[in-house]
Amino acid sequence: MKKIGKSSHIGDSGVALIHQMINSMGFVWHERAGTLDAGIDGEIELRDPSTGEVTNRLILVQSKASERPFPGESERGFHYLCKQEDVDYWMSADNPVLLVCSHPQSGEAWWMHIQSWFADPGHRASGRIDFDKYTQRFGQDAAYRLLSLADPHGRAHVPVAERGEEVLTTNLLRLTVPNLIYGAPTSYTDPRDVVVRQRESGDPNVRHDFILRGGRIYSWLPPEATALRHVINGPTDAVGSDEWSSDPLRQRWLVQLLNYALQRDVDSDCGWHRGRKIVYFRATPDLKPRHIRGASGRQRLVFHPKFKKRAPDQVSYCKHAALEWQFLFIDGDWYCSLTPTFHYTRDGYRDSLYLSEYLTGIKRLDRNPAVHGQTQMWATYLHGEDGVLDPRNTILDYGNLVTLTADRTIDDAAWLDDPRKTDADGVDASQNAPEAENAIDSELALFEVEL
């Protein structure tokens, strides 16, 4: 009576598992069943998920399946020893070759790109492959990496831009800088001493937007009109900001003054985080959510407390809309480059213990529409739309975001219908921090609320 051995059955199960996973990626699996082969069990043919077209790009696959643990297997990884003749055969292939090790009974598999691993002479001499279970899991999340492996230039799977006008909005905010910078002699050399002296004077108009250089103090307003008059010891003069813009050394001084100016311009609503170098919307006194009205007439959520599910009267953390920025001098004009971000606190004031985890999670989830909306919100807030936001006296005059017109356009739908839209690591961001209680979800994105 003919029999099929257990090892052959396990091997067949491993190939079947690969077939199933390749289908879930949207690609095509060609098994070399019934044919003689010297170390290749099948081929992956790439298929463009957005059009269904096959691309004539192939990846060769060798399957190694086992019901028992692989050598050195732990929760973190394992290793596999390859025969030297197999390695030589795989390395001679014109197409990429994958070794896929699997446990068919648990539906788990891991992969390694042979040519990249054995390009290292030490690896090739040993014939040993080390697998990391977290980064080399074979499944739907590996689709983008396989596309990049077989088609590194994106010729077969990236939609081509078509001719047609498309308006692109940059994150560069036009800026008008005051014409004059005021300077006066001073004996002070430490900015902290200047602030202390102003406070001791009892003058309510204390200024932080100044710099000390070469025995002089520079600011946007005449020192005599502010509490800085208590730290100067000579007459005030003025210099044109355009002169500083054209001088490399003084341009750096000017950027520092611009940074102080922006901090002061938003000080009525926003706090300054010295460690992260950001401004962020402060908590409301009663820890209620805060919205501001954007130019579109919609409300933007800029402060949001999150309460614990098991203790609804206790704050789990607070989320604040925040901003990083950089001043740039381009072709004779000043711009402010806006980079929206978020800040997380325990109680509206103290940094959250899981600040880095929350930031990592929200960055994984944010896509272009969310970032675009946040950038527009900050631009509108700084610009101070008439009839939309409460008027603020600002040092700088903020314009609108710079737009560019391109003669090529991208079909966004074609780009979105792609396995790459899943998290590259296959990790649920809400699990990144202890007690996060699904903190990083769409509920907490900086969103619009219809009136």
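Visitor: Before anything else, what do buried, exposed and partly exposed mean here?
Guide: Buried is under 20% relative accessible area, exposed is over 50%, and partly exposed lies in between. Asp237, with a relative accessible area of 42%, is therefore partly exposed. Keep in mind that this is a predicted model.

Visitor: What does Asp237 pair with in a salt bridge?
Guide: With Arg216; the N to O distance is 2.8 Å. Arg216 is partly exposed, at a relative accessible area of 22%.

Visitor: How many salt bridges in the whole structure?
Guide: The search finds 15. One of them joins Arg229 and Asp203, with the closest N and O atoms 2.8 Å apart. That pair links distant parts of the chain: Arg229 is in the loop between β11 and β12, Asp203 is in the loop between α6 and β10, and they are 26 residues apart.

Visitor: Is Asp203 buried or exposed?
Guide: Buried, at 12% relative accessibility. Arg229 is partly exposed, with a relative accessible area of 40%.

Visitor: And what does Arg282 meet?
Guide: Asp267, in a salt bridge of 3.2 Å, N to O. Arg282 lies in the loop between β14 and β15, and Asp267 in the loop between α8 and β13, so the pair ties together parts 15 residues apart in sequence. Arg282 is partly exposed at 32%, and Asp267 is partly exposed at 43%.

Visitor: Switching to helix α6. Which residues there are buried?
Guide: Val194, Val195 and Gln198, in a helix that runs over residues 191-200. The three cover an arc of only 95° around the axis, which puts them on the same side of α6.

Visitor: Why would residues a few places apart point the same way?
Guide: An α-helix has 3.6 residues a turn, so residues three or four places apart point the same way.

Visitor: What is on the other side of α6, and what covers the buried residues?
Guide: Arg192 and Glu200 are exposed on the other side. The cover over the buried residues includes β10 (210-213) and β11 (216-219).

Visitor: What happens at the ends of α6?
Guide: Asp190 caps the N-terminal end, with a side-chain oxygen 2.9 Å from the backbone nitrogen of Arg192. Just after the helix, Gly202 takes a positive phi of about 80°.

Visitor: Aromatics next. How many pairs?
Guide: The count comes to 16 aromatic pairs. In one of them, the rings of Phe70 and Tyr80 have centres 6.4 Å apart and planes at 70°, so the pair is edge-to-face. Phe70 is in the loop between β3 and β4 while Tyr80 is in strand β4, so parts 10 residues apart in sequence are tied together. Both residues are buried.

Visitor: Which aromatic cluster are Phe70 and Tyr80 in?
Guide: The one formed by Phe70, Phe78, Tyr80, Trp110 and Phe131.

Visitor: Last topic: where is Ser337?
Guide: In strand β18, residues 333-345. Ser337 is buried, with a relative accessible area of 12%.

Visitor: What does the side chain of Ser337 make a polar contact with?
Guide: The side chain of Asn171, at 3.1 Å. Leaving aside neighbours within four places in sequence, the residues in contact with Ser337 include Asn171, Leu172, Glu324 and Trp325.

Methods. Residues numbered from 1 in each chain as written. Heavy atoms only, no water. Buried < 20%, exposed > 50% of the residue type's maximum accessible area, 1.4 Å probe, protein only. Helix = DSSP H or I, 4+ residues; strand = E, 2+ residues; numbered from the N terminus. Arc of directions from axis to C-beta. Contact = heavy atoms within 4.5 Å. Polar contact = N/O pair within 3.5 Å; in protein donor to acceptor, adjacent residues only side chain to side chain. Phe/Tyr/Trp six-rings, centres within 6.5 Å; stacked < 30°, edge-to-face > 60°. Salt bridge = Lys/Arg side-chain N within 4 Å of Asp/Glu carboxyl O.
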